[in-house]
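Reader: Could you walk me through this one? I'd like the cut-offs along the way.

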Amino acid sequence: ASLDMSAFPPERIRNFCIIAHIDHGKSTLADRLLEVTGTVRKATPQFLDKLPVERQRGITVKAQTVSLVHTSRERGRYLLNLIDTPGHVDFAYEVSRSVAAAQGAVMLVDGVQGIQAQTVANYHLALSFGLALLPVINKIDQSAADPPAIAAQMQQAFALHPDSILMASAKTGQGVHAILEAIVDRLPPPGGHVHAPPRALVFDSWFDEFKGVVLLIAVIDGSFAKRDRVRMHHTAREYEIEDMGVMHPHQLPTPHLRTGQVGYVITNMKTAREAILGDTMCSATSASSAAVV
């Protein structure tokens, strides 16, 4: 598989996360989005939840990211970067750094249980980052679901217009295509300047025993390419980009990551301690790109 990243300028990109209370169906919706966009044929349940503890307890602990290509009925192909956020209250820091890499959020509410504490906390977090919200009532296939009552609850709590709330069942796939269309139509593209010196937000990292430290970045301005020398703002250390690409859903190498795009970067960074989450990665040769994201 290959992906021509030059086909996706910022206006053809949507970076979004899914925010929900635990057990409201966030991982199931992520699985359906992977399937409907053809990113995977049939998702293993909770595909994005890679840590063993996550599948056992059904909660997303580590932020995972995947790039989806959605062909809109009327507007053509879009690159949708799902920045998966932990759904459990104990992982508020991971949620906040994932949200910082997005411009919009799908706010998922259980059609049976309705609004709960973490729904409200995530709503305010998303607003504090200036994210556009796409409200969705999930689990409408369940006999105990009461979508009109839950919609009224959301309208009162979040001042939402009833017509703005989508209805879906992540389990059966009902309403999932409408969610993809609404992500394109109702969430904003990333900002940034294509011709500016390159800058990126480092929002996640992990250690791969074969490749070393893998960074997940959201490119704010400019573009990065293999063999570029980069500097981390916080530590002032310099590295060379050895490999880069997108998670589609596994690592798919690409020669560049451009403005608005989200992907992985592997440098000659040796230890995970060198990766400061929330740091700004900039060009080592362009001092003007060192402004903090």
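**Salt bridges, a helix and a buried loop residue**

Author: Let's start with E240, which counts as partly exposed because its relative accessibility is 26%; buried means under 20% relative accessible area, exposed over 50%, and partly exposed in between, with a 1.4 Å probe and protein chains only. This is a predicted model, where local features need pLDDT of at least 70, side-chain atom pairs count only at pLDDT 80 or more, and totals for chains, interfaces and linings use all residues. Residues are numbered from 1 along each chain as its sequence is written, and side-chain values use heavy atoms, with hydrogens and water left out.

Reader: Which residue forms a salt bridge with E240?

Author: A salt bridge here is a side-chain nitrogen of Lys or Arg within 4 Å of a carboxyl oxygen of Asp or Glu. For E240, the closest N and O atoms of the pair are 3.0 Å apart. E240 is in strand β11 (residues 238-247), and its partner, 13 residues apart from it, is in the loop between β9 (223-225) and β10 (229-232); strands are DSSP runs of E with at least two residues, helices are runs of H or I with at least four, and both are numbered from the N terminus. That partner is R227.

Reader: How far apart are the end C-alpha atoms of helix α5?

Author: Helix α5 covers residues 147-158, so 12 residues at 1.5 Å each should span 16 Å. The expected span is 1.5 Å times one less than the number of residues. The model agrees, with the ends at 16 Å.

Reader: Which residues of α5 are buried, and which are exposed on the other side?

Author: The buried ones are P147, I150, A151, M154 and F158. They cover an arc of only 105 degrees around the axis, which puts them on the same side of α5; the arc is that of the directions from the helix axis to the C-beta atoms. On the other side, the exposed residues are P148 and Q156.

Reader: What is the relative accessible area of Q261?

Author: Q261 is found in the loop between β13 (256-258) and β14 (262-267). Leaving out residues up to four places away in sequence, Q261 touches several residues, including M5, F8 and H256, where contact means heavy atoms within 4.5 Å. Q261 counts as buried because its relative accessible area is 0%.
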